[in-house]
Each structure stands twice: as structure tokens, then as C-alpha cells.
Amino acid sequence: IVLLVPELTFLTGLSCVQKKDRMVKEVMWEMMQTPQQHYTRLTLLLRRIQDTPEASQELEGWGLHLDTDIYRTQGHILPMERINLRHRSFFPNEELSWHKEVTKDMPISVISLNSWLLVYPKRLQQLAKDLLTAMRSTCGAMGMQVGLPTVKELRDDRIDSYIGSIQSSLGSQEKVQLLVCIIPHNREDMYGAIKKLCCVQASVPSQVISMQSLTGHPGKIRSIVQKVLLQINCKLGGQLWGVDIPLSWRDPSLEVSDLSLNPTCLSPLQKQLMVVGMDVHHSRSRGMHSVIGFVASMNQYVESWGVGSKFSPLLSLLQLNHSLPMKIVVYRDGVSDPQLDTVLKYEVPQIQKSFNTFENYQPSLVVMVVQKQISTNFYSLTGNKLISSPPGTVIDHTITSSGSQDFFLLAHHSRQGCSIPTRYICMCNTANLSPLHLQRLTFKLCHLYWNWPGTIRVPAPCKYAHRLAFLVGQVLRKEPSARLSEQLFFL
């Protein structure tokens, strides 16, 4: 028990006034050091510790010794992944970004937006017209069709006005595919009220856009509208892009060049793969429990997603494909080192026990723990200069744990500062996948987060699970409607 005397405590960090000041930018620039700057400061600190007798004696008392230089070793770089759209495939640039391609070519599948509702206050009438014009002029290049909406113009921008108008409109129409709301400011209370109505009561995907997002340079507005259209397509059940999944599971000794296979050439057994993402949101609100997000792929190409409990994605997959996956790969985020034993002793057996829901069903299971909050940094040495390591860099020896199968993967490109990798720990592997298979599959999944046309730090199912858990735990505070379970309504 830690007892704090109020008179002797004080707040730390920056005040609200300081956060709006230039000080925040100055602090961020100081933190965003280049690899060479980071290395220089780190080695300077190590030398100061060695040259200070008090510090050296303190370390000796603990039996510790710090070298004066960083550790140098060799890793390997995974090959670049091919991005697949409906009519073309391509390899992304060195920064692993493909924003231009997804806004000029057709996604894998597109859902036409024919029946939708547009709500805005009267004073934002011109902004709403500009948004609609931009959506209808931009959607064609992306293969989408956006019809004219049912417009609800509010007299004021009170929350009650939004909720009342939305409820009456949804009740008077047979089916509304999507609700689009323009709100005057980034108001959390208004955003939360609209999301609760749509996700819990009405079971309608929604897109809430703030006025600030739609004001500014025309080029910026066009970029915002393109992103909004991509999000809308996802929320309606469309699929944006994919990579070559699954891998070949037959021979774990395959070389890297043999792993990028055309999915159409795979046998039925190889196609029966499901990847799952799990993350936990710990609410700070009184009376609220922690919320776990559970997102699973719904087809063999990992291009469709479902949310819900442990069983509902399996039931949905059985209805869609008339078969159950024979290999399930679970990425469990939000686990620290002291909790690894809990995952191994409790969570893994519970997942395996859930398979008994289906008769004679025992699929292979892989459980990977994902750790983002680590202090490990990667640098690449080019000549005598340290630079950021390229995406796809893997280290799976020397600095890894001797008691478990783990590796470090840097999947994303960082424009500023030092790139921090993600650590992956294999807790269960009844599929007997090799380390190379696990690394390749993990890197592939880092390409599939549809809210960002590029790679991210963690596999897409983990990011989806994080977004779902945050929305439910922070905004909805209730379980969302099951009718939205096959849509990415939380993006």
C-alpha cells in the first residue's frame, strides 16, 4: 500500500495552457532524435556513468557492468510484400506507403452507398453541400457509387437535436446503410451520444465528421474526403486491399523466396486459416470493467473481418464458407512479461476448450503475444553512419529470451526519430510453424490495417481489436449490436 500525503504531492506534466503553446512542439522535437543523435547521447551517458566513481560503485554493488558502446549484431530483412487491389498488384515504395494507389484504383470489393442519411446544423449548410459534392466527384476513381442522401438540417447544434432527428429519420425509413453527421466541434459528448445511438440501439454504421476537418486548403479537403470514402467502404463491408495470404504450411524449411505463393494455387487445407486479434482496454471510469476486443478474419485471404465473442466469428465463418478453419493464429496484445504465465496457463487452455463447441473439431493453434511497450531500438550501420532500419527488419537471436520463442520485428517506416520494433512471443504452436513462417505471416498482417495505406507497428487484427475495445470501453460503455459484427463499424 502506497500512502500519498496530499500536501506533499503536486501534478506533473504540462498544463492545458502549455499544451497549446509552442512548448509541446519543442519537447517533441527534442524527443525525435535521429539514430545518430540517439547513439551519441547514449554513449555519452554510458561514459559518464563509467567515469563517475559513485555510479560505478553502485553498479558493482549489484554485480552489474555497463559497456561504453551499444551492442552490434546481425539481423535479416524480410522481403517486400505485394499489395493486391481488384485489377492490379504492385510493390510499394521504400516507405511502404500506397495512398496514391488506393485512391486511384478500385479496391478488392466495393459497396455502393445508395441509402444514407446526412445530418448537419443549418449554419453548416454550405459545408455539407461541399462535402457531398466532393464525395460524389471523388468516389468514381475509387470504384464507388455514392447516391444522393436523405438530408436532415437541424435548427441548432444541441445534442438533443441530433439524437431526435436521427431517431425519427431511422424510424421512418426501411433501411439506412450509413449515417453521416457533421458536428461543429470535436465534442466528445456529442460524438459519444451519436455512436451509442448508432452502434447499440439502431445498428447502423456511422461516420462523424468535425467541421474543422472540412475547412482549409482544397487539397487537404480532397484528401480528407478520400479517407472518409475508404472508411465508409470498410464500414459497409467492403474490402480495400490485400497481400498474398496464406503462406505455404506444408514444409517449415521453405526458403523465403518460396513463401510468396498465389492463393489460387493453394490446396483447400492450406486455405483454412483464421487470424485473430485480441486487446484489452482498461477503463478509468468508476464502475466500468476492462473491455476485451476480439476481431477475427472471415475468409482464407484475410480480407474480411468479424467481431464478437470467441464463438461467433467461428459460427459466421462456418455459415459463409461451410467449413471451419484448421489453423488459428491468435495475436494477443496488451500483455506484459509478468502476465505471460497467465496467458499460458489460463487463456490458451480456454481458447482450446472453446473448440469443443463444435463436434470433432481440434484445429491447430498458434498464440502470439504482442508487446509494443519496449525500450529496444534498432539502428542500421551504413558505413560509419547509423540510420533507421528498413521495414521488415527482424532480430531473432542474441537479444531474445532463452526460455521462449520470440523475435523483434520492425514493420513500419518512421519519418522522424528512431524506429521502435515490436516484440512477439510465441506462447503456443501446435501447428509447428517455423520461426520464419511466423515472422513472414506477422509482417504480412502489418500491411492490412485499412485505416492507413501503409504498414503499422502491429498486425492488423491487433489494431482492429484495440479500436473496438477503445470504442466500447471509452465511448459506448455497452456491448455493440450483434448485427454490426461483420462490419468494421469502429474505424
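A residue counts as buried when its relative accessible area is under 20%, and in this predicted model both W98 and W241 are buried by that criterion. The briefing below turns to the aromatic pairs, of which a search of the whole structure finds 10, and then to the packing of helices α3 and α4, whose axes come within 5 Å.

**Aromatic pairs**

- The ring centres of W98 and W241 lie 5.7 Å apart with their planes at 85°, so this pair is edge-to-face.
- Because W98 sits in the loop between β3 (89-90) and α5 (99-104), while W241 sits in the loop between α9 (218-235) and α10 (268-271), the pair ties together parts that are 143 residues apart in sequence.
- The rings of F358 and Y361 also form an edge-to-face pair, since their centres are 5.8 Å apart and their planes stand at 85°.
- F358 is buried, with a relative accessible area of 11%, and Y361 is buried as well, with a value of 6%.
- A cluster linked by ring pairs takes in W305, Y449, Y464, F489 and F490.

**Packing of α3 and α4**

- Helix α3 (residues 35-51) and helix α4 (residues 53-61) have axes that cross at roughly 85°, and the two helices are therefore roughly perpendicular to each other.
- On the α3 side the contact is made by I49, Q50 and D51, and on the α4 side by P53, A55, S56 and L59.
- By residue class, the contact of α3 with α4 comprises four nonpolar residues, two polar ones and one charged one.

Methods: Residues numbered from 1 in each chain as written. Predicted model: local features only at pLDDT ≥ 70, side-chain atom pairs only at ≥ 80, totals over all residues. Heavy atoms only, no water. Phe/Tyr/Trp six-rings, centres within 6.5 Å; stacked < 30°, edge-to-face > 60°. Helix = DSSP H or I, 4+ residues; strand = E, 2+ residues; numbered from the N terminus. Buried < 20%, exposed > 50% of the residue type's maximum accessible area, 1.4 Å probe, protein only. Axes fitted to C-alpha atoms, helices over the stretch in contact; angles between N-to-C directions. Parallel < 35°, antiparallel > 145°, perpendicular 65-115°, else oblique. Contact = heavy atoms within 4.5 Å. Nonpolar A, V, L, I, M, F, W, Y, C, P; charged D, E, K, R; others polar.
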